[in-house]
Amino acid sequence: MGKATVIPFGPQHPVLPEPLHLDLVVQDETVVDVLPQIGFVHRGLEKLVETRDYNQFIYIAERICGICATGHSVGYAETVEELMGVEVPKRAEYLRVIWHELSRVHSHLLWLGLAADAFGFESMFMHCWRLRERVLDIFEKTTGGRVILSVVKVGGVVRDIDATQMAEIIATLEGIKDDYTKIMNTLLTDTSVKNRTVGVGYLSAEDAAALSMVGPFARASNLPYDVRSFGRGAYGDLVDFQPIVATEGDCYARVKVRCLEVLQSFDIIKELAAKMPAGPIEVAVKGTPAEGAEASNVLEQPRGECYYYARGNGTKNLERMRIRTPTSQNLAGMTVALKGCDLADVNMIILTIDPCISCTER
Amino acid sequence: MGSFKLGGMTLGSLFKKPETLLYPFETKPAPAGLKGHIAIDAADCILCGICAKTCPADAIVVEKKDRTWSIDPFRCVQCGSCVRACPKACLSMDPAYTPVATAQSCRVVEVPDPKAAATTPVSAAETETLTES
Amino acid sequence: MDKFTQTFAPLKLGQVHDLAAARAAEGWRYVQILAVNTEEGIDLVYSYMKDGHLENFTVKAVQKTDVVPSITDVFLEAFVCENEIHDLYDVAIANIAIDFGGMFYQLSSKAPMTVVSPEQLAAREKAKKIAAAKAAKEAAAAQKAAEPAASASAPTGPTEEEIQAKIAGLDPEKAAKVRAAMEAKAKKAAAAAASAPSPAPAATGPTEEEIQAKIAGLDPEKAAKVRAALEAKAKRAQQSAEGKGE
């Protein structure tokens, strides 16, 4: 029985997309205990509601995180619309979902690259990000921005996608899908990948439920919770939506769930593009949120369920805007999953919760 | 075989065109609608200041007395709210990024006074025709 | 497919922990805890979800002296939100399972979300004044409507109280302008009432006092224009009156 050593992990680490610090209590290469620490990118964005009115704040909400930017703008807009009782036209809902699903594809591709890089598979990292570039080109053509789209506003969306552009998008996605299936098969069947991920960082279904985990991490531990299954907005028009669930509960299952979610997003976009209704893309929003009015909203971000809360005070500025992101919910589960693992597997386990610390801290 | 699954893709990419561009010798043409920088058609501006009030980044400053409209392109986040808010539709989003610079600067545009333009040129044209004949 | 519904319900501070335990026992998921800074104290909102029902429970006005029980013994993942609320709002929460003791975010100032800047205070005062003025105006209008329409005579123009109500929330320059305009209106109405019995030509055009009142606060260029326009109007009215008289 060796002596316990404390090894600091982060905040600057090649695998981490954002700064996170962990104090790993290690005994003979086995992690015994973990103490997470965040706070390196706290920008106090929620306080900016005092100086920016509810139309301007959407641009701040977008910039909470670069990877989940579209999700935050859609979630914020939906919450304020609920607060003010605004009904968004159907076409705007469809467009929002298409951009959000594309955002999910780009986020998962980014994550797959990082996950491969976590155990040294650098060429996979390059291939995933190469395919991601094609998605970013779609964003650039349809919205004008690659990462921060600024295309959603309270009351609808700002730009439209016409039929030719939509056909182009579908064609590009088909091209991405062909290359992507090859990559996915590699990731899921290669022996080296399996050696590094199967059985690593196991979290049982009971633990995941007790810790209220969300997102692909929970779905890989047999918890079928996905906000998209509530069928709100354009998701209600999908013929059949089933959350992708895996039962193994280890890193391999989480990689598998995210891989399959990319394919599911391709199908969703194709289905919605075919069913897109004609009509206006925005509705004029007049007035201000009523004093004391409250609204809450949940949205399925690529990392899981994101909770939004807004309270009005009778002026153009909101009284309070609160965004609770999936990573802050999953931090506890991550610490539990890390206990008992090998020091070399810490990278992979941390990455499989898809940590988006900028979102957590705002 | 359980390994080297990317063999086919790797071999194929030896003969395919590279995915990347040889920048700066080759550049990608900017797609229409790219959010580059804000341009103003100064003749139509009425100096109402709505764009300055709408801007979430406080990048636009409108001075009514000096008749100037200025934008700080380094504060601008290219959201396009000013373009949509302008009542005279004189602002537009041009698809060219603000070039990299060694110091931050503001772009100041003088908005011509429509009343001044209406009174002077007429007499100039008249004198011209008089001298010609 | 579950449907998404949301509810808001009040909650007492003492029931926070019991509610968490009850929800955990029934299989509800913990969603989040948030805090709102209000004038009466800090409002805490606890959210739980099961099968698409999102329930938000609000604990109103937690004071600085109140100690909030932690729910991390039931829901470990709450430690993130509880530490955050302690750091940003200075709410005392007891027995957090992983307690960072105020060092979770390592902020430079204490409880920054409770700090209200002077500009914000001024903006809130202004908003309150406008709301009060609006309420006063509505009350006065309601009162007037309630009164039997006995005084069917010419409108007397805005009274002093109404002038006060209108300018209550405006800044001084604008207030002076509005006051001048309303006093001119009052004068005009009084003049009309006085001359009502005599069937004199009503369109006498704006008088000198009215011109003065109108241009009281405008800048010289515009003032000259307005004056010219009003004088032209007066001339026209005079001419039409003369024409009629002929």
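Strand E2 of chain C is mostly covered, with seven of its nine residues buried. A residue counts as buried if 20 or more other C-beta atoms lie within 10 Å of its own, as exposed if 12 or fewer do, and as partly exposed in between, with C-beta atoms placed from the backbone. Strands (E, at least two residues) and helices (H or I, at least four) are DSSP runs, numbered from the N terminus. This is a predicted model, in which local features need pLDDT of at least 70 and side-chain atom pairs count only at pLDDT 80 or more, while totals for chains, interfaces and linings use all residues. Residues are numbered from 1 along each chain as its sequence is written, and chains are lettered from A and ligands numbered from 1 in the order in which they are written.

**Strand pairing in chain C**

- E2(C) and E3(C) run antiparallel and are joined by eight bridges; two strands pair if DSSP finds at least two bridges between them.
- Leu34(C) has Val45(C) in E3(C) as its bridge partner.
- Four residues lie between the strands in the hairpin of E2(C) and E3(C), where Gly41(C) takes a positive phi near 155 degrees.
- Strand E3 (residues 42-50) of chain C also pairs with E4(C), in the antiparallel sense and over eight bridges.
- Ile42(C) has Val62(C) in E4(C) as its bridge partner.
- The hairpin of E3(C) and E4(C) has two residues between the strands, and Asp51(C) there takes a positive phi near 50 degrees.
- Strand E4 (residues 53-62) of chain C runs parallel to strand E1 (residues 5-11) of chain C, with seven bridges between them.
- Asn56(C) in E4(C) stands opposite Phe8(C).

**Chain C against chain A**

- Chain C has 30 residues in contact with 27 residues of chain A; contact means that the C-beta atoms of two residues, placed from the backbone, lie within 7 Å.
- On the side of chain C that touches chain A, two or more residues each come from E1, strand E2 (29-37), E3, E4, helix H2 (79-89) and helix H3 (118-146) of chain C.
- E2(C) gives the most to this side, with six residues.
- The residues on this side of chain C divide into 19 nonpolar, seven polar and four charged.
- Nonpolar here covers Ala, Val, Leu, Ile, Met, Phe, Trp, Tyr, Cys and Pro, charged covers Asp, Glu, Lys and Arg, and the others, Gly among them, count as polar.

**Chain A against chain B**

- Chain A has 18 residues in contact with 14 residues of chain B.
- Helix H4 (122-143), helix H5 (163-189) and helix H6 (191-197) of chain A are the elements that give two or more residues to the side of chain A that touches chain B.
- That side of chain A holds two nonpolar, ten polar and six charged residues.

**Fold of chain A**

- Chain A has twelve helices and eight strands.
- The radius of gyration of chain A is 21 Å, close to the 21 Å that the globule rule gives for 362 residues, so chain A is as compact as a globular protein of that length.
- The radius is taken over C-alpha atoms, and the rule is 2.2 Å times the number of residues to the power 0.38.
- Of the 362 residues of chain A, 57% are buried.

**Confidence**

- The predictor gives the complex an ipTM of 0.86 and a pTM of 0.80.
- Chain C has a mean pLDDT of 71, and 58% of its residues reach 70 or more; pLDDT is the predictor's confidence in each residue, from 0 to 100.
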